[in-house]
Amino acid sequence: MTTAPARRAADALDARLLLELVKDPRATIAGLAHRLSVARNTAHARVNRLEAQALHPIDHRIDPAALGYPLRAYILANLKQRRLDEVGEALAQVPEVLEVLGVAGPGDTLIQVVAQDADDLYRIAGRILAIPGVKRTRTFLVMRHMVPYRATPLLTRLRDAADRRRDPAR
């Protein structure tokens, strides 16, 4: 088993860089450096580190519905503990599986899937249940996306806290 590299917590400059990238994902390093009044090399080094530690791959921005997969569901699976790695490898081979999380609670994994329709979801759920090591599944259909994934409020909080420490009058 491999361990993830140690991550350094983001600081106020990281938050400012990420907020700028949220506003303009195509921003250049030079543009970021200019807008944040930092050296180009500083901006470049920070963005490189953030790409390695904090930024998800671009495919996170692709809406599966635009690709013909309008149904989204989460499948909670109970697994045979000795087969966790095998199950993970098998799930990675299912194209409709977007993400698999190891969880604590009533299940062992939470599997995010997409499907073309109800029949397709039934097929996908059956394929997952047929994986050796999967004991039981429960499927939860997403009816509505109520709060989209977001990190901007956390970045704003980090930036604002640093600003208050620097200038308590704020």
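Here is a quick tour of this protein chain, from its overall build down to a few residues. It's a predicted model, where local features need pLDDT of at least 70, side-chain atom pairs count only at pLDDT 80 or more, and totals for chains, interfaces and linings use all residues. Residues are numbered from 1 along each chain as its sequence is written, and side-chain values use heavy atoms, with hydrogens and water left out.

**Overall build**
- The protein chain has 6 helices and 4 strands, taken as DSSP runs (helices are H or I, at least four residues; strands are E, at least two) and numbered from the N terminus.
- Going along the sequence, the pattern reads α-α-α-β-α-β-β-α-β-α.
- The radius of gyration is 20 Å, well over the 15 Å that the globule rule gives for 170 residues, so the chain is more spread out than a compact globule. That radius is taken over C-alpha atoms, and the rule is 2.2 Å times the number of residues to the power 0.38.
- The C-alpha trace spans about 55 × 35 × 30 Å along its principal axes.

**Buried residues**
- Of the 170 residues, 29% are buried (under 20% relative accessible area; exposed is over 50%, partly exposed in between, with a 1.4 Å probe and protein chains only).
- Asp 163 sits in helix α6 (residues 152–166), and Asp 163 is buried, at 9% relative accessible area.
- Asp 163 and Ala 12 are 151 residues apart in sequence, yet 8.2 Å apart in space, C-alpha to C-alpha.

**Around Lys 80**
- Lys 80 lies in the loop between β1 (71–79) and α4 (84–92).
- With a relative accessible area of 42%, Lys 80 is partly exposed.
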